[in-house]
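Reader: I should like to understand the terms applied to this model. Please set each value against its definition.

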Amino acid sequence: MVQNLPDRAQVVVVGGGIVGCSIAYHLVQLGWNDVVLLERDQLTSGTTWHAAGLVGQLRPSRNLTQLAAYSVELYPKLEAETGQMTGFKQNGAITVAQTEERFTELKRAASMANAFGVDVEVLTPAEVAKLHPVTETSDLVGAVFMPKDGQTNPTDTTAALAKGARMGGAKIIERCPARRIETANGRASAVVTDHGKIECEHVVLAGGMWTRDLAASIGVTVPLHAAEHMYIVTEPMPDVPADLPVLRDYDACIYIKEDAGKLLVGGFEPVAKPWAVDGVPDDASFTVLPEDWDHFEILMDGGLKRIPALAEAGIRQFFNGPESFTPDNRYYMGRAPETQNIYVAAGLNSIGIASAPGVGKALAQWIVDGEAPMDLWDVDITRVEPFQKARTYLRDRTVESLGLLYAMHWPDRQPETARGARRLPYHDKLMERGAVMGVASGWERPMFYAEGDEPREYTYTFGKPCWHDATAREAHATRNDVALYDLTPFAKFEVQGADAEHQLQRLCANDIAQEENRAIYTQMLNAKGGIETDLTVTRLGEQRFLVVTGSTTRLHDWDWMARNMDPGANVTMTDVTSAFAVLGVMGPKSRTLLSSLTDTDLSNEAFPFGTSQEFGLGYAMVRGQRVSYVGDLGWELYVPIEFAAHVHEVLTEAGADHGLRHAGLHCQDCLRLEKGFKHWGHDIGPEDTPIEAGLGFAVARNKNVDYIGREAITAQRENGVNRRLAIFTIDGEPGAPRMLHEEPIWRDGKLVGTTTSGGYAYSIEKPISMGYVESGDGPISRDDVLSASYEIEIAGDRFPATASLSAPFDPKGERMRG
């Protein structure tokens, strides 16, 4: 029987693995000691206890790397602080490459690591052999070495975090499962256990594999699924030194670490085995699943090839245990958008030991401050879509997602499983025209259009992309004739009510108090001036507005708006995303094409840029928005979903006489880059202000309503900024070199930032990217940016670059306003 279960707590953390214990530990570090952690059985009994204990630092973005790197800062301190041994040691980690493409990937990662402040060395095969003497290196092309990466004992490290939490006043209660969460008015009010109820102000769901179902019971979406994860441990091997670095061979799908004179060999096979499809059993503690040597064969073969001595070593243990994985291989953290005070930290995708300190620290700060401590969009729980909690979807995607951890991390890579969930009304028609589909938030979206004998599928490379020639055709049509883009997945919200204008004025940095049918480009900012949402607001009536924002940020943006409106305001929001298809008719002949299909006057005088009108097209009534994300004359047509197929047919048939070509998202992305248009989540985000990003024109100077972030923007206008977003071009063929994102930017020989996105500028036939130039020691002016010499580092090589603060294509925007 559990003794002394408290009646109340400030925070209840559900889950006693390493992540839950880290959250409790960091909450007490911040002075919140009224914390209760509930563990259904014993600490670590879910996944933590059987983790391999690898502690790597490098992640795909600067902030996620910062969180992961914090582990090698915290773990050495825990033992001294708590007296509990952790087993942490920094032997370093080597990742080897068997192919040139893999070596390119690793060298790109090394350049990124250096820019993020992570120690890294690029190695030859001979250097690998010296650092890892039991490794076969004859088939290697090269490798990278992270000298400060390490490994730890997961159970002991969790015990240290738990002890530190207790020392700070937290209560950790084992064998006390959380059975139910009581909610009222969108807030959690109590956690109900087998031994009583705890009323609380905040709840954290950190229950690993069990999080999905517990969250679902209160309407919170946490899409994750368990899969079997296998490794072997050898008998002691005489030639294995205690300081042997961790070895990763992604091409063989394996990792190898020293374990008290033995070797532990595991990995992530290309075709995984989902586990507990019908739900994780309540009593699944310290679960050991049956051995499956047939399934493990691909990993064993890779291990034998890389460490020949394994052939003579005895196998002490074959281990198979469950771990949880997410559909996109990125973990979840943050405040659940369905509630006001429930937070999530789950789905760690086999990097929980390395990620727990950073996740715990960041989430604790989030709870205490009420806002994220940094840009965490990559792992924010608001990126998920409700359909993704469907068990069949999760099962099918998990078959693939586990293996993608070690597969080639190609640019543009598309998942192959769990596809076709959300299709456009004219999906089949697009396929007939050669559409090659990608997927985002479940939407099947045309990325490019193949012609003739061109393959109608992706082939991946770090060089010239497979879609370059197709996109060149589409770009030519957009700039010279007319192109048809599908934009249906845009998130669309109707905001209505007597207070709608005032509330949107508080949220938006631009002045949206305009006449009816005006479409205003704006951002919504946080208190620091960072960009939380990048959107268009159209006034449909005196008390009615249409908000249009990005497809992948639907829940994030809805959540931001809902949380920041005044309580009790007379305003309602309705998500109409699925009610309308959106077709973008773009290019200098767009007016001619559309004018042939409607009686509405589409001249610049009657239908100027930045306005919106309803008009007839074929048998349908559509709303045309005179805006453009490709920087050319055009209209976005909002079509009731039941008329979408018809309108597409009408446009396609009439377009044949005007040179109409269908165009995909790769083309849109390249054209917006050469026009200098920003993409939220890459070029702009919560840590970037409009002034830094060159979007000051979208921030009203004399607005009579105080908007969130106004003080920060005013201060930047008065005092200047320490960083500016610039456009960079380099001379070269498509893909040689290819700029993607996070490539280091060198200014007069000094590292000053990294790129944010990259592509190809077809109008000037050059690779193009954006990136922030940081001064490091005070304000940086426009002249400061333009007066320097630049290089962009790609896979360890530096390429001369030209910087600009204006778009290389139509910098004054005359074409789209003409």
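Author: A residue counts as buried when its relative accessible area is under 20%, as exposed over 50%, and as partly exposed in between. The model is predicted, and of the 818 residues of the protein chain, 62% count as buried.

Reader: How do you know what span helix 15 should have?

Author: The expected span is 1.5 Å times one less than the number of residues. Helix 15 (residues 644-655) has twelve residues and should therefore span 16 Å; its end C-alpha atoms are 16 Å apart, which agrees. Among the buried residues of this helix are Val647, Val650 and Leu651.

Reader: Why is Arg723 called buried?

Author: The cut-off for buried is under 20%. Arg723 has 17% relative accessibility and therefore counts as buried. Arg723 lies in strand 32 (residues 723-729).

Reader: What makes a residue a contact of Arg723, and which residues does Arg723 touch?

Author: A contact requires heavy atoms within 4.5 Å. Leaving aside residues up to four places away in sequence, Arg723 touches Glu687, Asp688, Glu692, Tyr772, Val773, Glu774 and Ile780. Arg723 and Trp443 are 280 residues apart in sequence, and their C-alpha atoms are 35 Å apart in space.

Reader: What makes the phi of Phe286 worth noting?

Author: Most residues other than glycine have a negative phi. Phe286 is not a glycine, yet has a positive phi of about 45 degrees. Phe286 is found in the loop between strand 15 (262-267) and helix 7 (293-306).

Reader: Asn329 also has a positive phi; where does Asn329 lie?

Author: The phi of Asn329, which is not a glycine either, is about 65 degrees. Asn329 lies in the loop between strand 16 (315-325) and strand 17 (332-335).

Technical notes. Residues numbered from 1 in each chain as written. Predicted model: local features only at pLDDT ≥ 70, side-chain atom pairs only at ≥ 80, totals over all residues. Heavy atoms only, no water. Helix = DSSP H or I, 4+ residues; strand = E, 2+ residues; numbered from the N terminus. Buried < 20%, exposed > 50% of the residue type's maximum accessible area, 1.4 Å probe, protein only.
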